[in-house]
Amino acid sequence: MEIRTLRYFLETAREENMTRAAQRLHVSQSTLSKQLKHLEEELGKKLFIRRSFSLELTEEGILLKKRAEDLLSLADKITQEFSSMDDLYGGDLSFGCAESFQIRYLARVIKQFKARYPGFHYHITSGDTEQVTEKLDKGILDFAVIVEEPDYEKYQAVKMPESDKWGLIMPDHSPLAQKEFITFEDLKGLPLFCSGQGWRTDLPRWCGGRIEELTLEGTFRLSYNGAVFTQEGLGYLLTFQHLTDTRPGSGLVFRPLSPPLEAPMYLIWKKGAAFTPIARRFIRELEF
């Protein structure tokens with residue numbers, strides 16, 4: 001299986017149209033069709049359902065699309081790394097970041113580093129801890145910013161200066177908005193939104209194993225989306241402070257949990273990873 005063939009497949013999957021994909025790839029439609037047919041024969045699976053004017057991925061095609069995206073990201077990263085091996089003051093670094101107001105500390109470090117090394121370029125991917133650590137483990141990312149205790153057997157880590165504070169976001173006209181803090185008893189019977197990670201890890205330790213007494217209405221990876229549903233009156237959002245707009249006039253308010261629930265944040269990288277010169281320099285000069 002060639003990298004070029006995977007690029008052909010991925011572009012076709014994105015365009016869902018053979019003609020448009022061939023134009024973007026600067027190849028003839030017959031060449032593209034032949035390459036995709038060979039790929040299906042090699043894998044022994046049908047990857048597309050051909051329709052009159054479009055293509056649709058089969059289940060096997062959906063799986064290959066995910067794998068191809070990871071493989072091509074890694075292939076591109078390898079190319080970038082080798083092209084910058086002799087560049088002591090420039091190169092590319094990739095960061096995967098969970099949601100937190102503390103990302104500003106990383107932004108400040110990158111700004112200072114960029115000022116010293118103008119040839120340095122960075123790429124930011126957003127996701128929850130599970131998503132960014134998966135990409136870090138695969139070598140697609142150089143660093144990840146996570147909001148849970150790292151596995152110190154696998155990673156080296158630097159702790160951020162502050163911790164994220166959990167609380168409840170609700171419409172400003174909610175009776176609970178009159179309270180200074182939100183307790184476990186306040187949450188019982190409410191339709192709650194939360195990240196899947198927070199519901200599995202942070203909330204259970206806060207409520208002493210009574211998580212089953214609470215009602216999870218839905219999960220969101222992005223707090224912004226959860227806040228929109230909250231504003232529409234569909235539920236209440238459990239999340240970190242500072243992730244959504246709760247200023248006067250926004251229609252939403254944030255109230256911290258009681259007892260307090262906080263989550264530390266870490267910048268992590270894989271132990272024993274083979275780094276480019278710019279990555280090694282970044283680690284040496286890293287300071288929050």
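Buried means under 20% relative accessible area, exposed means over 50%, and partly exposed lies in between (1.4 Å probe, protein chains only). Keep that in mind for the whole tour.

This is a predicted model, where local features need pLDDT of at least 70, side-chain atom pairs count only at pLDDT 80 or more, and totals for chains, interfaces and linings use all residues. Residues are numbered from 1 along each chain as its sequence is written, and side-chain values use heavy atoms, with hydrogens and water left out.

**Stop 1**

Select Phe48. It is buried, because its relative accessible area is 1%.

Phe9 and Phe48 form a tilted one, with 5.5 Å centre to centre and 55° between the planes. Why does this pair tie together parts that are 39 residues apart in sequence? Phe9 lies in helix 1 (residues 3-15), whereas Phe48 lies in strand 1 (residues 48-50). Helices (H or I, at least four residues) and strands (E, at least two) are DSSP runs, numbered from the N terminus.

**Stop 2: Phe95 and Phe143**

Select Phe95 and Phe143 next. Their rings are stacked: 5.3 Å centre to centre, 20° between the planes. Phe95 is in strand 3 (residues 90-97) and Phe143 in strand 5 (residues 143-146), 48 residues apart. Both are buried.

Phe95 and Phe143 belong to one aromatic cluster, whose members include Phe113, Tyr117, Trp269 and Phe282.

**Stop 3: Asp142**

Go to the loop between helix 6 (129-138) and strand 5; Asp142 is there. Is Asp142 buried or exposed? Its relative accessibility is 6%, so Asp142 counts as buried. A polar atom of its side chain lies 2.8 Å from the backbone nitrogen of Ser94.

**Stop 4: the cores**

A nonpolar core is a set of buried Ala, Val, Leu, Ile, Met, Phe, Trp, Tyr and Cys residues joined through side-chain atoms within 4.5 Å. Which members of the largest core touch the most other members? Select Phe95, Leu168, Leu238 and Phe282, out of 48 residues. Helix 5 (residues 103-116) gives this core its largest share, five residues.

Then show a second, separate core. It has 18 residues, among them Ala21, Leu36, Phe48 and Leu72. Phe48 brings you back to Stop 1.

Notes:
Rings of Phe, Tyr and Trp (its six-membered ring) pair if their centres lie within 6.5 Å; planes under 30 degrees apart count as stacked, over 60 as edge-to-face and the rest as tilted. A polar contact is a pair of N or O atoms within 3.5 Å; within protein, one must be able to donate a hydrogen and the other to accept it, and residues adjacent in sequence count only if both atoms are side-chain atoms.
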